[in-house]
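Please examine the sequence and the structure shown below.

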Amino acid sequence: MSYPFAQYQESADYIRGRIGSFQPRVAMVLGSGLGFLGDVVKDPIVVPYPDIPHFKASTAPGHKGQLVFGTLEGKPVAVMQGRTHHYEGYSYEEVSYAVRVLRLLGCDTLVVTNAAGCVNTEWQAGDLMLITDQIKIFMESPLRGENLSEFGPRFPDSSHLYTPALREVARKAAYELDIDLKEGVYMYFPGPQYETPAEVRFARIAGADAVGMSTAPEVITAGHCGMQVLGFTLLSNMAAGILDQPLSEQEVLDAAAACRDKFSRLVLACLRTL
Ligand code: HPA
């Protein structure tokens, strides 16, 4: 099914009523571990998801479920503290609903972060990865159903979903901060079960460097409506089967906490030059 354009407008209109003349430019979807960046937004206007017509609440641990409007590094931002995931029971259109609403509110850039399993055996848990491209070939697209031409074309080009110029910004910022930034392909798996070792081998053969359960639907939707995208992955653990140990959510949260400082310095430095 697809939601009518008027419904997206209704959500945006409600938010406009809350933020007045504030005009966000950069939308940020913060995954596990970086949600705290929403707490350091200057002059914040907080809008909880349940207040917004048609918005979905996020139930994943470590996800607050609110939009924070204000400035970060001098840039007018809309920070999504918490995202929804397909594994919570939401459709892909629902998962990326907020992206379209933020586009209607004037955001032209999307910054996405996530935690993911590391598929590339040359790298280590705790490394940061700039996302160069993504693979999401299983299950449907968030754009399935009637095309809303107000947002974009029926068959959008996906050659450069992660904007090359923004990747260059990230490379420079990492260099200046002396942060080792890997670059690679993020492969989406729907979860909530972690991948099997065979699935991880499959992902590696397919060209993936990381596997995770978020981000790809939102980025497809952002690309469709003409937004520039910058994406980062915290490689919180080696993906299943690489080390002889079970994966746990605690490991992911611990890694996110340990890398929080490095990760946030990088994202904030990029924001300054966006
Ligand atoms: N797989 C999928 N999603 C994840 C992982 C993983 O290994 N780690 C953190 N999120």
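A nitrogen atom of the ligand lies 3.3 Å from a backbone N or O atom of Ala115. This distance, like every other value here, is computed from a predicted model. Gly117 also contributes through its backbone, where an N or O atom is found 3.4 Å from a nitrogen atom of the ligand. Glu195, by contrast, takes part through its side chain: one of its polar side-chain atoms is 2.8 Å from a nitrogen atom of the ligand. How much of the ligand does the protein bury? On its own the ligand exposes 260 Å², and the protein buries 95% of that area.

Which residues surround the ligand? Ala115, Gly117 and Glu195 are among them, and so is Ala116.

At least two shell residues come from each of β5 (109-118), β8 (210-212) and β9 (228-238). Of the elements, β5 provides the largest share, with 3 residues.

What lines the largest cavity? Its lining is formed by Tyr49, Phe55, Lys56, Met80, Thr84, Glu94, Val95, Tyr97 and Ala98. Two elements, α2 (92-95) and α3 (97-104), each give two or more residues to this lining. By class, the lining of the largest cavity comprises 6 nonpolar, 1 polar and 2 charged residues.

The last stop is Asp51, which is located in the loop between β2 (42-48) and β3 (66-72). Is Asp51 buried, partly exposed or exposed? Its relative accessible area is 35%, so Asp51 is classed as partly exposed, a term that applies between the cut-offs of 20% and 50%. Asp51 may also be located relative to another part of the chain. Although Asp51 and Ile15 stand 36 residues apart along the chain, their C-alpha atoms are separated by 9.2 Å.

Key
Residues numbered from 1 in each chain as written. Predicted model: local features only at pLDDT ≥ 70, side-chain atom pairs only at ≥ 80, totals over all residues. Heavy atoms only, no water. 1 Å grid on protein atoms, 1.4 Å probe; cavity = no way out; pocket = protein on both sides within 12 Å on 5 of 7 lines; lining within 4 Å. Helix = DSSP H or I, 4+ residues; strand = E, 2+ residues; numbered from the N terminus. Nonpolar A, V, L, I, M, F, W, Y, C, P; charged D, E, K, R; others polar. Near = heavy atom within 4 Å. Polar contact = N/O pair within 3.5 Å; in protein donor to acceptor, adjacent residues only side chain to side chain. Areas by Shrake-Rupley, 256 points an atom, 1.4 Å probe, with all protein chains shown as cover. Buried < 20%, exposed > 50% of the residue type's maximum accessible area, 1.4 Å probe, protein only.
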